Amino acid sequence: MDKNHVTRRMLVLGSLALVATGCSSIGRTIESPIASRTRIDPRYRRQEVAYHGGEAPGTIVVNTEERYLYYVQGGGWAVRYGIGVGEEGRTLKGKATIGRKAEWPSWTPTESMMRRKPHLRQYAGGVSGGLHNPLGASALYLYRGGNDTMFRLHGTNEPWTIGQAVSSGCIRLTNDDIVDLYSRTPVGTPVLII
């Protein structure tokens, strides 16, 4: 084969490499092959968007009413993620910081969760990390004054719930999106939940 000849196979493999590295255009949906297979409304897919809030770059802003989380990048831009939020009256509001991070975290329902939803008692001993775990691929733990608030930004094994108010108060992202946010977010990152 002539070294200047591009085959269909080379073109396809090169295109797949670009997709795998996350190349995309500003203002367009940032989508991985995994995200494209999840059943969520397209408006909740990760995107770079214009952002004109007053928060410093590196801040996370969670807008529970809009069902979006913004990772402020500066220069008038943010990465916007679709989220699932807490049921009415079960959402943390105000300022917090990322106090801890975990990949494939374990999960144990709180006593109040088990009182509200008795079927969760079967998990009272905890659930190990993995695809079966409701916290998904990663979790960012929200702290105030050095104390764990028991609220999290985390992945989910139920991606179809993105855009809905169904959780016990935590903020859900698709596993693909929480992995992306996790990689951008160091411990100490400020979070504003409105």
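Visitor: How many bridges join β7 and strand β8 (residues 147–154), and in which sense do they pair?

Guide: Two strands pair if DSSP finds at least two bridges between them. Strands are DSSP runs of E, at least two residues; helices are runs of H or I, at least four; both are numbered from the N terminus. Here β7 and β8 pair antiparallel over 5 bridges. Y141 stands opposite R152 in β8. The hairpin has 2 residues between its strands, and G145 takes a positive phi near 55 degrees.

Visitor: What are the ground rules for the model?

Guide: It is predicted: local features need pLDDT of at least 70, side-chain atom pairs count only at pLDDT 80 or more, and totals for chains, interfaces and linings use all residues. Residues are numbered from 1 along each chain as its sequence is written, and side-chain values use heavy atoms, without hydrogens and water.

Visitor: Which strand does β8 join in the parallel sense?

Guide: β10, residues 171–172, through 2 bridges. H154 stands opposite R172 there.

Visitor: How many residues does the largest nonpolar core have?

Guide: In soluble globular proteins, nonpolar side chains tend to be buried together. A nonpolar core is a set of buried Ala, Val, Leu, Ile, Met, Phe, Trp, Tyr and Cys residues joined through side-chain atoms within 4.5 Å. Buried means under 20% relative accessible area, exposed over 50%, partly exposed in between (1.4 Å probe, protein chains only). The largest core has 22 residues; L142 and L153 are among those with the most contacts inside it. Elements giving two or more residues include β7 and α4. α4 gives the most, with 3 residues.

Visitor: Where does UniProt place the feature "active site"?

Guide: UniProt positions use the numbering here, feature names are shortened, and annotations may be inferred rather than shown by experiment. The unreviewed entry places it at H154 and C170. They spread over 17 residues of sequence yet cluster in space, with a largest C-alpha distance of 7.5 Å.

Visitor: Is H154 buried or exposed?

Guide: H154 counts as buried because its relative accessibility is 4%. H154 is found in β8.

Visitor: And where does C170 lie?

Guide: In the loop between β9 (165–167) and β10. C170 counts as buried because its relative accessibility is 15%. Contact means heavy atoms within 4.5 Å. Leaving aside neighbours within four places in sequence, C170 is in contact with residues including G84, M150 and H154.
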